[in-house]
Amino acid sequence: MLTKEEMHEFEKDLLARKEQILKNLEHSHQKITMMQNQDPKDEGDFATLATETDIDSRIIEQQRKELNEIEIALGKIKNGTYGICEMCEEPIGKERLIVKNFARYCISCREINERENQI
């Protein structure tokens, strides 16, 4: 089990990452808006803008998913279930939480979950 100090550190890290993602999302939205307001001069410009917009949209989507996972983890800290696997209800290893502080599953259950989702 995690100590109160460890829990506080994870919460601090999650909040810092949340703030960074929100800044990134704001910057990306501004960039996309700016690109959408450009008037491409030829097919090359149009292709470049379309590619950049697509890449930025994928980055935004990934960051929104991470932000959602962070919100779930912060909720778990508040209700006292942070660091507990959602499948087996055993503690998630501290080492795993250090690497992925919003992990919802222990290593064993994560592998099971990934195999089931590939089918």
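Analyst: Let's start with a helix pair: helix α1 (residues 4-36) packs with helix α2 (residues 43-79) at an angle of about 155°, and their axes are 9 Å apart. This is a predicted model, where local features need pLDDT of at least 70 and side-chain atom pairs count only at pLDDT 80 or more, while totals for chains, interfaces and linings use all residues. Residues are numbered from 1 along each chain as its sequence is written, and side-chain values use heavy atoms, with hydrogens and water left out.

User: Is the crossing of α1 and α2 left-handed or right-handed?

Analyst: The rule is to compare the near helix with the far one: turned anticlockwise by less than a right angle is left-handed, and clockwise is right-handed. For α1 and α2 the crossing is left-handed. The contact of α1 with α2 has 16 nonpolar, six polar and nine charged residues. In that count, Ala, Val, Leu, Ile, Met, Phe, Trp, Tyr, Cys and Pro are nonpolar, Asp, Glu, Lys and Arg are charged, and the others, Gly among them, are polar.

User: How many helices and strands does the chain have?

Analyst: Both are DSSP runs numbered from the N terminus, with helices being H or I of at least four residues and strands E of at least two. This chain comes to four helices and zero strands, so its elements run α-α-α-α from the N terminus on.

User: What radius of gyration does the chain have, and what would a compact globule of 119 residues have?

Analyst: The radius is taken over C-alpha atoms, and the globule rule is 2.2 Å times the number of residues to the power 0.38. A compact globule of 119 residues would come out near 14 Å, but the chain has 19 Å. Along the principal axes, the C-alpha atoms fill a box of roughly 60 × 35 × 20 Å.

User: How many of the 119 residues count as buried?

Analyst: Buried means under 20% relative accessible area, exposed over 50%, and partly exposed in between (1.4 Å probe, protein chains only). By that rule, 29% of the 119 residues of the chain are buried.

User: Which residues form an aromatic pair?

Analyst: Rings of Phe, Tyr and Trp (its six-membered ring) pair if their centres lie within 6.5 Å; planes under 30 degrees apart count as stacked, over 60 as edge-to-face and the rest as tilted. A search of the whole structure finds one such pair. F10 and Y82 form a tilted pair, 5.7 Å centre to centre with 50° between the planes. F10 lies in helix α1 and Y82 in the loop between α2 and α3 (94-99), so the pair ties together parts that are 72 residues apart in sequence. Both F10 and Y82 are buried.

User: Where does E89 lie, and what is its phi?

Analyst: E89 lies in the loop between α2 and α3. Its phi is near 65°, a positive value in a residue other than glycine. E89 counts as exposed because its relative accessibility is 61%.

User: How far apart in sequence and in space are G80 and M7?

Analyst: G80 and M7 are 73 residues apart in sequence and 9.7 Å apart in space, C-alpha to C-alpha. G80 sits in the loop between α2 and α3, and at 52% relative accessibility G80 is exposed. For another case, take C88, also found in the loop between α2 and α3. C88 and V99 are 11 residues apart in sequence and 20 Å apart in space, C-alpha to C-alpha. C88 is partly exposed, at 32% relative accessible area.

Note on methods:
Axes are lines fitted to C-alpha atoms, for helices over the stretch in contact, and angles run from 0 to 180 degrees between N-to-C directions.
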